[in-house]
Amino acid sequence: MVQAHRIKTVAIVGCTAVGKSEIALKLAEKFNGVLVGADSMQIYRGFDIGTGKLTKAECRGIEHKLIDIVDGDADFSVGEYVKLADSEIYGISAAGQLPIIVGGTGMYVYSLLSGCNFSNTPKDQAVRTRLKILSHFIGGKGIHRLLERVDKQSADAIAENDVKRAVRALEIYLVTGEPKSRVADKHETKHDALTIVLTLPRELLYERINARVKKMFDMGLMDEVISLAKFRGYGSMQALGYKQIAENPTMPREQIEPIVAQKTRNYAKRQMTYFNHMKLSNTVFIDARNYDEIERTVKTFLTEKD
């Protein structure tokens with residue numbers, strides 16, 4: 001599985017509720033794999049129900065890296081993710097196993113597999129401070145709309161309520177005059193990667209999202225958010241469901257659940273737009289219901305010479 005210069009790596013990506021985890025688990029069982037998370041919210045300890053983390057039983061004995069690695073008050077960057085993921089992938093491959101990246105945070109996946117390095121992009125604290133102040137007046141949605149005007153690619157990769165990342169992308173644009181993706185340092189990628197983007201017809205996907213949101217509320221999402229109230233104001237609490245409940249703690253479930261479902265459907269649409277435009281060299285789109293095709297594609301990739 002280890003090539004002369006680059007590590008064979010498989011990425012299973014797609015929008016929320018498309019079925020990434022189950023397919024990645026099946027592939028791990030088939031090809032002796034270890035899962036490497038690519039989810040910007042599953043990194044937080046205690047944020048379990050609303051981020052769709054697998055339980056120990058659901059993991060079926062398959063290792064899952066980069067889950068529960070920081071507390072809810074951590075300031076975690078894309079650059080930090082890439083550094084940790086590279087280390088995990090190297091260790092997995094060195095042990096003779098297949099690294100399988102799984103998640104829906106497009107910027108994590110693209111940064112890891114493209115060789116982009118955002119850690120050295122220009123910074124200007126004064127500009128960032130002004131943008132943060134502006135966000136208090138126009139809200140996260142307003143900041144996101146500003147970003148869409150100047151850097152659509154980054155906006156598609158950032159949740160509408162993720163003020164921190166939207167502010168950072170705008171800061172880069174204002175300082176350099178270029179979109180974030182154009183000013184990132186480029187390095188030769190360490191991975192010989194196959195990226196499989198899972199797809200579903202929109203109507204079916206939305207049905208799955210609605211069912212998933214209902215299940216989360218049934219499992220106690222509202223109580224989980226209340227238990228994490230000390231993290232209000234941090235980036236972790238910007239996650240879908242957490243933000244809406246934290247801002248409306250007295251709103252009854254029958255009112256807040258449809259709001260969370262609608263926000264999640266909107267986010268899934270943005271995720272798919274990002275993946276449709278993600279420029280990685282070996283990317284295929286496969287219907288999530290066609291596991292046999294997914295397995296055949298992975299098998300062919302693993303037997304190819306680098």
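Is Arg 45 buried, exposed or partly exposed? I get 38% relative accessibility, so Arg 45 counts as partly exposed; the classes are buried under 20% relative accessible area, exposed over 50% and partly exposed in between, with a 1.4 Å probe and protein chains only.

Ground rules before I go on. This is a predicted model, where local features need pLDDT of at least 70 and side-chain atom pairs count only at pLDDT 80 or more, while totals for chains, interfaces and linings use all residues. Residues are numbered from 1 along each chain as its sequence is written, and side-chain values use heavy atoms, with hydrogens and water left out.

Entry: salt bridges. I searched the whole structure and got 20 salt bridges, each being a side-chain nitrogen of Lys or Arg within 4 Å of a carboxyl oxygen of Asp or Glu. Helices (H or I, at least four residues) and strands (E, at least two) are DSSP runs, numbered from the N terminus.

Entry: Arg 45 again. Its side chain meets that of Asp 71 in a salt bridge, 2.9 Å from N to O. Asp 71 sits in the loop between strand S3 (64-65) and helix H2 (78-94) and Arg 45 in the loop between strand S2 (33-37) and S3, so the pair ties together parts 26 residues apart in sequence. Asp 71 is partly exposed too, with a relative accessible area of 40%.

Entry: Asp 86. I found a salt bridge from Asp 86 to Lys 190, with the closest N and O atoms 3.6 Å apart. Asp 86 is in helix H2 and Lys 190 is in the loop between strand S6 (185-186) and strand S7 (191-199), so this pair ties together parts 104 residues apart in sequence. At 16% relative accessibility, Asp 86 counts as buried.

Entry: a network. Salt bridges link Lys 214, Asp 218, Arg 253 and Glu 257.

Entry: Lys 30. The side chains of Lys 30 and Glu 295 form a salt bridge at 3.8 Å, N to O. Lys 30 belongs to helix H1 (residues 20-31) and Glu 295 to helix H12 (residues 291-303), distant parts of the chain 265 residues apart. Glu 295 is partly exposed, at 22% relative accessibility.

Entry: H1. I looked up which residues of H1 are buried, and they are Lys 20, Ile 23, Ala 24, Leu 25, Leu 27, Ala 28 and Phe 31. These pack against strand S1 (7-13), S2, strand S4 (98-103), S7 and H12, where contact means heavy atoms within 4.5 Å. Just after H1, Asn 32 takes a positive phi of about 55°.
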